[in-house]
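The sequence and the model come first.

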Amino acid sequence: MTRSGAIAQIDTLLSTISDPAFVAVYRGEPLAIAGSPVLAYWMTGRTNAFETLGDIGSRVAVMVRAYFRMQDSPDVRESIELAVWDAMYQIDVKLRSDADLGGNVTDSNVGAATIGYTTMSGGVFRTVSVPFEMELMGEVTITP
């Protein structure tokens, strides 16, 4: 199990989403977005979750977010709503397809998707946010 392997596997899984066709998958929260739609993911926290006499397990939280650039056209806005729904479904399916992220975590859980808007790079984006949690048993060894 490796942290870099878990991150690489998340990247691989999200990069296989083809509907909607994301122009990029960013590792880290974006500060600016040039194309649309894009997908990004980043760490949001880590907690010690379970402890034995010899080690401590942890839970690591990740946010996965899709960004869709909004436009004045009603037709485009309607198509974005379908893409938002597809993105919620595809993110869920891809992350659940490899719960141990190629053997790099003990287990993982996909949380409930939320939808919203954000302003970035002078544009308004429709967003889909999906929390993802990884469990790592025995991540920290306790030395007596």
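## Serine 58 in strand S3

Serine 58 has a relative accessible area of 0% and is therefore buried. The model is a predicted one. Serine 58 belongs to strand S3. Its C-alpha atom is 5.6 Å from that of threonine 47, a residue eleven places away along the chain.

Leaving aside residues up to four places away in sequence, serine 58 touches Arg46, Thr47, Asn48, Ala49, Phe50, Met134, Glu135, Leu136 and Glu139.

## The largest nonpolar core

The largest nonpolar core has 29 residues. Leu14, Val64, Phe68, Leu95, Phe132 and Met134 have the most contacts inside this core. Two or more residues each come from helix H1 (3-15), strand S2 (38-51), strand S3 (55-69), helix H2 (74-96) and strand S6 (123-141). The biggest contribution is that of H2, with six residues. Another core, of nine residues, lies apart from this one and includes Val38, Ala40, Trp42 and Met63.

As a general background, nonpolar side chains in soluble globular proteins tend to be buried together.

Which residues does methionine 134 touch, not counting residues up to four places away in sequence? They are Ala6, Ile10, Ser58, Arg59, Val60, Val62, Leu101, Val105, Asp107 and Ser108. Of these, serine 108 is the residue whose bridge partner in S6 is methionine 134. S4 and S6 pair in the antiparallel sense, over four bridges.

In a regular strand the side chains alternate between the two faces of the sheet.

## Arginine 126 in strand S6

Arginine 126 is placed in strand S6. Its relative accessible area is 11%, under the 20% limit, so arginine 126 counts as buried. The side chain of arginine 126 makes a polar contact of 2.8 Å with the side chain of glutamate 81.

The residues that arginine 126 touches, beyond those up to four places away in sequence, are Ala66, Tyr67, Phe68, Met70, Ile80, Glu81, Val84, Ile115, Gly116 and Tyr117. Two of the residues in this list, Tyr67 and Phe68, return in the next section.

## Aromatic pairs

How many aromatic pairs does a search of the whole structure find? The search finds two. In one, phenylalanine 22 and phenylalanine 68 form a tilted pair, at 6.1 Å centre to centre and with 50° between the planes. Phenylalanine 22 lies in the loop between H1 and strand S1 (24-27), whereas phenylalanine 68 lies in strand S3, so this pair ties together parts that are 46 residues apart in sequence. Both phenylalanine 22 and phenylalanine 68 are buried.

The rings of tyrosine 67 and phenylalanine 125 also pair, with centres 6.3 Å apart; their planes are at 85°, so the pair is edge-to-face. Because tyrosine 67 is in strand S3 and phenylalanine 125 in strand S6, the pair ties together parts 58 residues apart in sequence. Tyrosine 67 is buried, at a relative accessible area of 1%, and phenylalanine 125 counts as buried at 0% relative accessibility.

Key:
Residues numbered from 1 in each chain as written. Predicted model: local features only at pLDDT ≥ 70, side-chain atom pairs only at ≥ 80, totals over all residues. Heavy atoms only, no water. Core = buried A, V, L, I, M, F, W, Y, C linked by side-chain atoms within 4.5 Å. Buried < 20%, exposed > 50% of the residue type's maximum accessible area, 1.4 Å probe, protein only. Contact = heavy atoms within 4.5 Å. Polar contact = N/O pair within 3.5 Å; in protein donor to acceptor, adjacent residues only side chain to side chain. Pairing = 2+ DSSP bridges. Phe/Tyr/Trp six-rings, centres within 6.5 Å; stacked < 30°, edge-to-face > 60°.
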